[in-house]
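Reader: Can you walk me through this one? Keep it quick.
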Amino acid sequence: MIINYGERMKNLTLLFIIFTFISIQGQIKLNLKKGVNLVKEITETKEKKEINTVDKIDGVTGNVDWNKYDFISGDIIIFEDNLIGEKNGEFPSQWDLTKGTIENASMDGENVIYFINCNTNSGGGIVPLMKNCKEDYLPEEFTIEFDAYFEKPGLDYKLYFLDYKNQQNFDKEVQESRKWIRFSQNSIGGEGISTNWYPGTTGSTKSAPGWRHIAVSFNKRALKAYLDDSRIINIPNMEYNPTGITLGFHNPSGKTKGYIKNIRIAQGAVPLYDKVTTDGKIVTTGIKFDINKATIKAESYGTINSILKILQDSPALKFRIEGHTDSDGDDADNLTLSEARAKAIMDKLVELGIEQNRLDYKGLGETKPVSPNTTSEGKANNRRVEFIKL
């Protein structure tokens with residue numbers, strides 16, 4: 001038998017190549033499988049982190065009647081934080097920390113400020129970054145608004161009328177007389193302020209968890225505080241001059257977290273009717289909309305109700321409603337959006353009983369800014385509605 005060594009070596013080489021290819025292919029499949037599993041694991045971990053951050057909370061406001069709301073935002077916005085562009089896990093860029101652990105998070109697709117560990121009884125909270133933060137930066141007349149999430153009764157958001165980060169060196173009288181308001185799920189109280197319950201509740205039995213809109217107005221010495229649609233506190237004389245703010249969250253058990261969003265401080269406000277008689281128009285930033293939509297937010301009804309009353313009391317009065325935006329986004333889109341928002345307001349007033357022939361509307365987009373579009377406050381002042389007397 002003649003052995004052809006050349007042919008045998010050729011066959012062995014071919015077999016070696018085949019086995020090597022199979023081995024490499026198997027390894028590639030294994031690595032691909034590991035890669036897929038790794039991506040899946042990372043994704044699941046990320047999702048778990050987000051779920052754990054917000055605990056899959058559904059926002060529920062409850063039964064409210066915004067048609068009776070009478071809160072009107074201040075004229076000029078001096079601080080605004082809608083948290084656009086904030087990154088999860090970072091500290092909120094427009095705030096400073098007094099004490100505690102606070103960061104940005106995401107809830108239902110919206111950015112929120114997340115109070116992880118912040119007990120206001122021990123001085124925890126955040127203060128707005130203001131250029132004149134070491135001075136009295138609150139005007140004689142101002143409004144403060146924000147949305148707060150309440151998971152269950154017994155949790156408090158506290159609004160102090162002193163900047164704990166920058167105003168600790170204020171005179172002793174200010175230090176000793178500093179005031180604060182406590183907002184819980186079903187009531188408002190505070191230092192020197194008796195507890196007032198949210199209408200329709202008894203004790204701590206307020207219903208489902210959800211977002212609540214908090215609003216405060218101060219006029220030289222008088223203070224009003226609102227929870228959702230209801231004015232719960234009306235103090236004719238605070239006997240105190242607010243100089244700044246600190247926002248905090250108090251949770252005695254330490255197990256439940258706090259969340260806030262849409263924070264605004266504004267100067268004002270002159271009664272809307274006075275603006276009509278002196279300026280021939282009403283300019284307001286108090287009518288708010290969902291982002292990039294013409295859907296009117298519920299807390300806008302304080303301003304809308306005031307406009308409605310002016311029209312009802314003056315049957316000959318007619319308005320052209322003009323919508324304005326900031327410079328973010330496409331020019332043409334902003335023009336379309338501002339027109340849709342102006343029409344939405346007109347439609348709402350007609351729905352509430354005003355004759356169609358007394359109203360007109362127009363969108364002007366970003367063409368007539370009243371402030372530079374370089375700051376959050378400037379952009380917020382440009383996102384306005386004007387009622388022009390015809």
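Author: What follows goes from overall confidence to cores, a helix, aromatic rings and a few backbone angles.

Reader: What kind of model is it, and what is the mean pLDDT of the chain?
Author: It is a predicted model. The mean pLDDT of the chain is 82. Of its residues, 77% reach 70 or more.

Reader: Where does pLDDT stay under 50?
Author: Residues 1-5 are one such stretch. Residues 14-24 are another. For residues 1-5 the model has zero contacts beyond four places in sequence. Residues 14-24 likewise have zero contacts beyond four places. Where pLDDT is low, the predicted coordinates should not be read in detail.

Reader: How many helices and strands does the chain have?
Author: Six helices and 19 strands. The chain has 390 residues, and 46% of them are buried.

Reader: What share of the contacts joins residues at least 24 apart?
Author: 72%, counted among contacts between residues at least 6 apart in sequence.

Reader: Cores next. Which residues touch the most other members of the largest nonpolar core?
Author: Ile113, Phe161, Ile181, Phe183, Leu223 and Ile260. That core holds 50 residues. Strand 6, residues 141-150, gives the largest share of this core, with six residues.

Reader: What does Phe161 touch?
Author: Leaving out residues up to four places away in sequence, its partners include Phe142, Ile144, Ile181, Val216, Leu223, Met238 and Tyr240. Lys179, Pro242, Thr243 and Gly244 are also in contact with Phe161.

Reader: Which residues are in the other core?
Author: Among them are Ile287, Phe319, Met346 and Leu349. This other core has 23 residues and lies apart from the largest one.

Reader: Switching to helix 3. Which residues are buried there?
Author: Leu272, Lys275 and Val276 are buried in helix 3, which runs over residues 272-279. Seen down the axis of helix 3, the buried residues fall within an arc of 100°, so they line one face of the helix.

Reader: And what is exposed on the other side of helix 3?
Author: Thr277 and Thr278.

Reader: What covers the buried residues of helix 3?
Author: The cover includes helix 4, strand 16 (281-284), strand 17 (319-323) and strand 19 (385-389).

Reader: What comes just after helix 3?
Author: Gly280, with a positive phi of about 75°.

Reader: What is Asn305 in contact with?
Author: Trp66, Asn67, Lys68 and Tyr69, leaving aside neighbours within four places in sequence. A polar atom of the Asn305 side chain lies 3.3 Å from the backbone oxygen of Trp66.

Reader: Rings now. How many aromatic pairs are there?
Author: The count comes to 17 aromatic pairs. Take Trp66 and Tyr69: their ring centres are 4.9 Å apart and their planes are at 85°, so the pair is edge-to-face. Both residues are buried, Trp66 with a relative accessible area of 12% and Tyr69 with 1%.

Reader: How do the rings of Phe150 and Tyr157 sit?
Author: Their centres are 5.0 Å apart and their planes are at 80°, so this pair is edge-to-face. Phe150 is buried at 0% relative accessibility. Tyr157 is buried too, with a relative accessible area of 1%.

Reader: Which residues do ring pairs link into a cluster with Trp66?
Author: Tyr69, Phe71 and Tyr226.

Reader: Last topic, backbone angles. What is phi of Asp228?
Author: Near 55°, a positive value in a residue other than glycine. Most residues other than glycine have a negative phi.

Reader: Where is Asp228?
Author: In the loop between strand 12 (222-227) and strand 13 (230-235). Asp228 is buried, with a relative accessible area of 1%.

Reader: And what about phi of Asn262?
Author: Asn262 has a positive phi of about 55°, although it is not a glycine. Asn262 is found in strand 15, residues 258-267. At 22% relative accessibility, Asn262 counts as partly exposed.

Methods
Residues numbered from 1 in each chain as written. Heavy atoms only, no water. Polar contact = N/O pair within 3.5 Å; in protein donor to acceptor, adjacent residues only side chain to side chain. Contact = heavy atoms within 4.5 Å. Core = buried A, V, L, I, M, F, W, Y, C linked by side-chain atoms within 4.5 Å. Buried < 20%, exposed > 50% of the residue type's maximum accessible area, 1.4 Å probe, protein only. Helix = DSSP H or I, 4+ residues; strand = E, 2+ residues; numbered from the N terminus. pLDDT = per-residue confidence, 0-100. Arc of directions from axis to C-beta. Phe/Tyr/Trp six-rings, centres within 6.5 Å; stacked < 30°, edge-to-face > 60°.
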